[in-house]
Amino acid sequence: MILHFDQALVHRLLAHSAAASQHRATFGQAEPAPAGLWLVGDTGVYLMSNGVPGLYRDPNASSPNVVCYAREADPDTLDVDAADDAKRASFGRDDGVEFIAATDLLTALASYPPQIPVALDVTQETIGILLFKPAARPGKTGAVR
């Protein structure tokens, strides 16, 4: 399932991770972990920085972290059941966390014009970071996406 994430917020999360002196590893990931984002399937699907300390909404709070929900799986803007359906269709039934390296995201982000949401192709088995390709004009050949 293709999931779309706010580009400005993804950049903010990546900047936090890059500036952090330490990074949390996911279960089974080698230590020390590199800079990057976690793709989390929980209530909805969202990205968050793996930088330590975390990026908190309120600097005096210990949580919740600043997160970037996929617009297709955002329980803050969608009916909770719709967000959960999108989470299961993309991430699977189980909750979990997958690591995405900052270098991989930055390479893909370089192909996106400002304001265009970042697209990830998320399945239970794979996570693909999609490069931006402008739609072909009618009558022209070229990439559709």
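Let us begin with an open sheet of three strands, arranged in the order β1-β8-β9 with antiparallel pairing. Strand β1, residues 2–5, and strand β9, residues 127–129, each have a single partner strand, so they stand at the edges and one side of each is left without a neighbour in the sheet. On average, neighbouring strands here are turned by 30° against each other, with direction ignored. Please keep in mind that this is a predicted model.

For those new to the subject, strands of a sheet pair through backbone hydrogen bonds, and the pairing may be parallel or antiparallel.

Within this sheet, strand β8 covers residues 118–122 and is joined to β9 by three bridges. In that pair, L120 stands opposite I129.

I turn now to strand β3, which spans residues 36–42. Is this strand mostly covered or mostly uncovered? It is mostly covered, as six of its seven residues are buried. Strand β3 has antiparallel pairing with β7, residues 96–101, through six bridges.

My next topic is charged side chains. How many salt bridges does a search of the whole structure find? The search finds four.

Let us look at helix α2, which runs over residues 80–90 and contains both R88 and D84. These two residues are four apart, about one turn of the helix, and they form a salt bridge whose closest N and O atoms are 2.3 Å apart. The side chain of R88 also meets that of D85 in a salt bridge, at 2.5 Å from N to O. R88 and D85 are three residues apart in helix α2, again about one turn. Together, D84, D85 and R88 are linked in a network of salt bridges.

How accessible are the members of this network? R88 has a relative accessibility of 27%, so it counts as partly exposed. D84, at 30%, is partly exposed, and D85, at 42%, is partly exposed as well.

Finally, R71 and E72 meet through their side chains in a salt bridge of 3.6 Å, N to O. Which of the two is buried? With 49% relative accessibility, R71 counts as partly exposed. E72 has 19% relative accessibility and therefore counts as buried, since the cut-off for that class is under 20%.

Key: Residues are numbered from 1 along each chain as its sequence is written. This is a predicted model: local features need pLDDT of at least 70, side-chain atom pairs count only at pLDDT 80 or more; totals for chains, interfaces and linings use all residues. Side-chain values use heavy atoms; hydrogens and water are left out. Two strands pair if DSSP finds at least two bridges between them. Axes are lines fitted to C-alpha atoms, for helices over the stretch in contact, and angles run from 0 to 180 degrees between N-to-C directions. Buried means under 20% relative accessible area, exposed over 50%, partly exposed in between (1.4 Å probe, protein chains only).
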